[in-house]
Each structure stands twice: as structure tokens, then as C-alpha cells.
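I opened my notebook to record what I looked up in this structure, entry by entry. The sequence and the model come first, and my notes follow.

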Amino acid sequence: MWDELLKQLRRYESAVITGLGDDGYPFSWRCTPHPDQMQKVLRIDVPPGAPVTPGPAGLLCHRHDERMWNQRSFLVRGRLSSAGGWAFVPERLIPGEGARGLLGTLSILRKARRAAREYLQRRGIPPPPIPWAAINEDKAQLLREK
Amino acid sequence: MTDRAEAERRSLLLELPADVQAVLREFRTCELTTLSKDGGPITWPVMAVYQPEQGRFLLSTAIGLSQKVAHLRRDPRLSLLFSDPTGSGLADPPAVLVQGDGHVGDDIGTWNEDLRVYHRQAWLRQPMSRTYSFSPIGRYLMGWYFRRLVITLRPARVFWWPVGDFSRTPEVVGPTDVG
């Protein structure tokens with residue numbers, strides 16, 4: 001997992017780190033993680049005054065282009081440690097959009113379709129009809145107004 | 001929520017500095033964090049619609065990607081970080097973190113006023129999303145995308161870092177105890 005994390009991390013300039021505050025609310029910031037090969041942790045800077053505590057944490061890298069396309073992302077679950085300076089201790093890497101190419105994207109779409117079907121089945125709800133004509137008419141009107 | 005609490009949250013957003021509000025309005029994506037069953041934070045890139053007059057942010061997720069909704073139904077605490085200005089047209093904007101509680105409606109929507117506002121922002125900012133409903137094949141492949149749940153965030157506290165400089169102490173608006 002460590003080697004794959006470093007491979008993925010090299011594709012991004014920075015990462016979003018999220019820890020938990022004293023009140024349990026998530027607190028996120030962006031920084032550039034520095035791999036510590038010996039300890040297999042990522043050394044990070046924490047903003048001064050940030051109300052985060054050592055414990056459960058996450059790391060997200062993502063990017064998109066100017067038109068919100070070509071999206072890429074991956075997530076790492078782990079924890080924050082403050083012993084010997086702040087560090088993110090990675091535990092589990094979760095591939096996201098674009099991480100595994102076109103096949104990966106198709107796999108995400110297939111899983112989403114299946115999950116939607118199961119969401120409805122669990123609740124005994126028939127698939128709500130989608131008013132395609134109304135949606136396309138509103139979209140056309142929006143683009144005419146633009 | 002009482003009328004007074006509603007007014008306070010509306011006021012919190014409307015009184016933010018103009019450059020902070022520009023970020024909330026113009027950034028194409030933000031990073032939504034919810035809390036999983038084991039209490040750990042999970043962060044997702046999402047699009048948020050800024051609705052300061054209603055004192056809230058509007059988000060939505062397809063029922064096929066509903067893990068974040070399951071989290072919020074168990075624990076409403078969430079945060080939104082606006083830290084990637086790509087596509088926003090803003091130069092040296094602040095980075096902004098919003099904390100608050102998320103509310104998820106029970107109804108699976110396909111087309112209502114909230115979803116209309118949400119889709120309209122997506123169509124304008126993500127042109128490829130216009131194609132999802134256009135052709136029979138698109139409608140077949142993406143039908144799951146149009147069966148959605150609406151998430152609203154009532155902000156309780158807002159932090160921001162001028163020019164996106166996280167080495168500085170953030171500015172903050174809102175009570176220090178949001179629980």
C-alpha cells in the first residue's frame with residue numbers, strides 16, 4: 001500500500017488532510033505531504049490554531065480541469081499522529097475517479113447503477129420515473145438564456 | 001429550526017467578506033467530509049450550490065453513490081473545504097472551511113426546484129454533464145444519476161485563510177462550540 005500511495009501522491013501538488021476537532025467536527029486543510037520512508041508516514045504541516053487532535057484522519061487528492069472534467073482522485077484512510085511532529089499515518093488506500101483508467105471509470109458506473117437498484121430494492125420502492133422531456137427542456141432554456 | 005436561528009445562519013453567510021463569498025459562489029468543487037460508522041472522516045470532492053439568502057449550501061448525491069448520505073443520517077456533522085480554485089476565474093482567493101450539520105431529505109427526487117437549481121449549476125460549469133440526458137444511450141447508462149437525494153448544510157462556523165495560505169492562523173466567524 002505504501003508504494004502505491006507514493007506512486008499516486010506524486011501525481012498531485014498537494015493533498016487535503018482531514019482530522020477531527022475537540023467537538024468532533026471534521027477539520028480539513030490543504031498541504032504538501034512529505035513521505036518519511038523510514039516510518040512509512042507522511043509528514044505534514046498543520047495550520048496554526050487548527051483545532052485538530054491526534055486520531056482518525058483522511059487524505060484526499062483530487063483534480064479536475066477548467067470544465068470540471070478529467071476528474072482524478074484517490075482517498076486514504078488513516079490517522080493523525082503528533083508524536084515527533086505532525087504526521088499522517090496511512091492505513092487504507094481507496095482508488096477514486098480516473099485512478100484505474102477507462103476500465104476503472106466503467107467499473108464505477110456499473111457499481112453506481114447496481115447500488116442505485118439495491119437502494120430502491122431495500123426500501124421496496126419502484127424506480128421513480130425520470131421526466132426526461134422536462135429536464136431537457138429546462139436545459140435547453142438555460143442554454144438559450146446563457 | 002427557529003426563525004431566529006435561521007436568521008443567524010443567513011446572517012453568518014451574508015456578513016462574510018466579499019472575497020470569501022466569491023469563493024463559496026465560484027469554486028467548481030469543494031471537499032465534503034462526513035463521518036463514517038467507525039467515526040473516521042471520509043472526504044469526497046463534490047459540487048455545492050451556495051444559497052446565502054437561504055442561509056445554506058445545497059448539495060446532492062445520486063442514490064447509487066449514497067454512502068455519504070448514510071453517514072449523515074447517522075451523524076450530521078460535516079465540513080466543506082473550498083481549496084481548489086481551478087475553473088473559478090478567481091486570482092489568489094482565500095481557502096475557506098465551512099463546518100455545520102447536514103440534513104438529508106427522505107424523498108428520492110428526479111426533478112424538483114432544488115434539483116433544478118443543482119443541475120443548472122452543473123450544466124453551466126460541467127458542459128459534459130449536459131450529455132447525460134440527451135440520447136437514449138445516455139439516459140439508459142445514466143438513469144441512476146438522475147435519481148437523487150438532496151443534502152442541505154446549515155453552516156455554523158466558517159474559517160478562511162487569506163490567499164489560500166494555510167501556514168497562517170485562519171480567520172473565523174461563528175461560535176467556537178458548534179455542537
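**Entry 1, basis.** I noted that this is a predicted model, in which local features need pLDDT of at least 70 and side-chain atom pairs count only at pLDDT 80 or more, while totals for chains, interfaces and linings use all residues. Residues are numbered from 1 along each chain as its sequence is written, chains are lettered from A and ligands numbered from 1 in the order in which they are written, and side-chain values use heavy atoms, with hydrogens and water left out.

Five of its six residues are buried, so E5(B) is largely enclosed by the rest of the structure; buried means under 20% relative accessible area, exposed over 50% and partly exposed in between, with a 1.4 Å probe and protein chains only. Strand E1 (residues 30-35) of chain B runs antiparallel to E5(B) and is joined to it by three bridges, and two strands pair if DSSP finds at least two bridges between them. B:Leu32 has B:Leu80 in E5(B) as its bridge partner. E5(B) is also joined to E6(B), again antiparallel, by six bridges, and there B:Leu78 stands opposite B:Gly100.

Which side chains does the side chain of B:Arg157 reach by polar contact? I found A:Asp23 at 2.8 Å and B:Gln99 at 2.8 Å, a polar contact being a pair of N or O atoms within 3.5 Å, of which, within protein, one must be able to donate a hydrogen and the other to accept it, and residues adjacent in sequence count only if both atoms are side-chain atoms.

I found B:Asp92 in the loop between strand E5 (77-82) and strand E6 (95-104) of chain B, where it is exposed at 63% relative accessible area. Its phi is near 50°, a positive value in a residue other than glycine.

A:Lys40 lies in the loop between strands E3 (34-36) and E4 (41-43) of chain A and is partly exposed, at 44%. The C-alpha atoms of A:Lys40 and A:Pro126 are separated by 49 Å. Chain A is divided into domain 1 (2-95) and domain 2 (98-128), bounds that come from an automatic or database domain assignment, and the C-alpha centres of these domains lie 27 Å apart.

How values were computed: Helices (H or I, at least four residues) and strands (E, at least two) are DSSP runs, numbered from the N terminus.
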